[in-house]
Structures are given as C-alpha cells and as structure tokens.
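Please take a moment to look over the structure shown here before reading on. The paragraphs below walk through it step by step, from the overall layout to individual residues.

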Amino acid sequence: MRILIPFLMAIPGVAFAASDDPPPKPTNTTKSCEGAKVWDPATQQCVTPKDASLDSDILYDAARELAYAGRFDDAQGVLAAMADQADDRVLTYWGFTHRKLGNLELANVFYEQAIAQNPDNILARSYMGQGFVEEGRLDDAIAQWHEIKDRDGTGSWAEASLREAIRTGTTYSY
C-alpha cells in the first residue's frame with residue numbers, strides 16, 4: 001500500500017486517497033442526536049452542549065462532524081457553546097459553516113480572525129481560499145494556496161484540496 005499511495009496521489013480525482021485530514025467518521029452525535037446536541041459518552045445520551053461537561057476537543061469534533069454531515073446550523077449551535085470563542089479552530093469552523101450557508105462575507109471575517117490568532121492555520125487558509133474559488137476570486141485563492149505552501153503545508157489536505165479547488169472549481173465539505 002505504501003508504494004500505491006504516492007501513485008494514487010498523482011492521479012487527478014484520487015488526490016485525497018491518503019488525506020491527512022480525512023472526513024470525520026459518523027458517531028452517535030450524527031447517528032442518534034437531533035438538533036445541536038452532542039453524544040455524551042459518560043451518560044450514553046444526547047445532551048445540549050452548554051449543559052454538558054464535555055471538553056472543548058469533544059465539542060470541536062462534534063461541530064466538525066455535524067458540519068461535514070451538512071448540519072451547519074446544528075454545528076453552529078455546538079460552536080456557540082464552546083467557552084473559547086477566540087480559539088482559531090472555533091473561528092475556522094464558524095467561517096466554514098457560514099460559507100456553506102452562503103454567508104461568504106461573514107465567513108471571511110471568521111477566517112481572517114482565525115488567521116490573525118494563528119497565521120499558520122492552514123485549514124482556515126484552505127477554507128478561505130475555497131470560498132474565493134466559489135466567488136470566482138482565483139487570484140485571492142492562489143494567494144492563500146501560496147501562503148499554505150510557505151507555511152510548510154505542501155502535501156497537506158489543506159494544500160491539496162485548495163489546489164484541486166483552484167484547478168477544478170470544486171470545493172470540499174470538510
């Protein structure tokens with residue numbers, strides 16, 4: 001398999017077979033919980049994120065999983081419950097969910113805040129660049145792609161997905 005992976009990555013359309021940031025696997029949060037609720041492994045039930053004693057990593061993973069499942073409003077409900085709204089990961093997913101909901105200007109505000117918090121946040125840069133692709137702003141998308149590469153992101157999911165979006169016009173949902 002190790003020999004096959006570099007070969008597969010060179011083929012257009014298979015570039016993400018060995019992704020370093022694969023889509024999240026569905027858990028009980030998306031399988032069992034409705035609305036902006038998260039599966040609490042301790043209580044074995046769906047809980048409201050504000051009422052739960054779940055740590056920020058569990059909430060972040062739940063928001064990402066909900067966003068990937070296309071449940072953007074629910075993902076935002078989980079994001080709103082997170083204590084550190086200035087965390088660049090939280091800001092990145094606020095941007096992502098707003099972009100997917102069609103609020104491109106607001107998405108860029110969140111991406112810019114995430115990048116201001118952490119200039120090396122290549123995921124925020126990739127998602128922002130994909131938004132630029134959606135808007136037809138290819139020069140801006142290419143600038144973010146260069147920033148990702150300059151920050152040692154060459155070959156990462158963030159770099160490869162933005163490169164592919166620039167090449168094809170197709171963006172990604174995770």
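Helices and strands, as the words are used here, are DSSP runs numbered from the N terminus, a helix having at least four residues and a strand at least two. With that in hand, one can turn to the end of a helix: α9 is followed by Gly 169, whose phi is positive, near 85°. The model in view is a predicted one, and every value quoted for it is computed.

The overall layout comes next. The secondary structure consists of nine helices and two strands, and along the sequence these elements are arranged in the pattern α-α-β-β-α-α-α-α-α-α-α. The protein has 174 residues, of which 44% are buried, and its accessible surface amounts to about 8900 Å², with 52% of that area belonging to carbon and sulfur atoms. Among the contacts in the protein with a separation of 6 or more, 53% are made by residues 24 or more positions apart.

Which residues of α6 are buried? They are Ala 107, Asn 108, Phe 110, Tyr 111, Ala 114 and Ile 115. Seen down the axis of α6, these buried residues fall within an arc of 165°, so they line one face of the helix. The face turned away from this buried side carries Glu 105, Glu 112 and Ala 116, which are exposed, whereas the buried residues of α6 pack against α5 (88-100), α7 (122-135) and α8.

A disulfide is a covalent bond between the sulfur atoms of two cysteines. A search of the whole structure finds one disulfide, formed by Cys 33 and Cys 46, whose sulfur atoms are 2.1 Å apart. Cys 33 lies in the loop between α2 (28-31) and β1 (38-40), and Cys 46 lies in strand β2 (residues 45-47), so the pair ties together parts that are 13 residues apart in sequence. The torsion about the S-S bond of Cys 33 and Cys 46 is about -95°, and the disulfide is therefore left-handed. Is Cys 33 buried or exposed? With a relative accessible area of 4%, Cys 33 is buried, while Cys 46, at 24% relative accessibility, counts as partly exposed.

Charged side chains provide another set of links. Side chains of opposite charge can pair when their charged atoms come close. A search of the whole structure finds eleven salt bridges, and one of them joins the side chains of Arg 151 and Asp 120, at 2.8 Å from N to O. Arg 151 lies in the loop between α8 and α9 and Asp 120 in the loop between α6 and α7, so this pair ties together parts that are 31 residues apart in sequence. Arg 151 is partly exposed, with a relative accessible area of 27%, and Asp 120 is partly exposed as well, with a value of 46%. Asp 120 and Arg 151 also belong to a network of salt bridges that links them with Arg 125 and Glu 147. Elsewhere, Arg 137 forms a salt bridge with Asp 140, their closest N and O atoms being 2.8 Å apart, and Asp 87 forms one with Arg 89, where the closest N and O atoms are 3.8 Å apart.

The last stop is the backbone. Most residues other than glycine have a negative phi, and most peptide bonds are trans. Gln 44 is not a glycine, yet has a positive phi of about 60°; Gln 44 sits in the loop between β1 and β2 and, at 51% relative accessibility, counts as exposed. Asp 152, likewise not a glycine, has a positive phi of about 65°. The place of Asp 152 is the loop between α8 (138-150) and α9 (157-168), where Asp 152 counts as exposed at 76% relative accessibility.

Key: Residues numbered from 1 in each chain as written. Predicted model: local features only at pLDDT ≥ 70, side-chain atom pairs only at ≥ 80, totals over all residues. Heavy atoms only, no water. Disulfide = S-S within 2.5 Å. Buried < 20%, exposed > 50% of the residue type's maximum accessible area, 1.4 Å probe, protein only. Arc of directions from axis to C-beta. Contact = heavy atoms within 4.5 Å. Areas by Shrake-Rupley, 256 points an atom, 1.4 Å probe, with all protein chains shown as cover. Salt bridge = Lys/Arg side-chain N within 4 Å of Asp/Glu carboxyl O.
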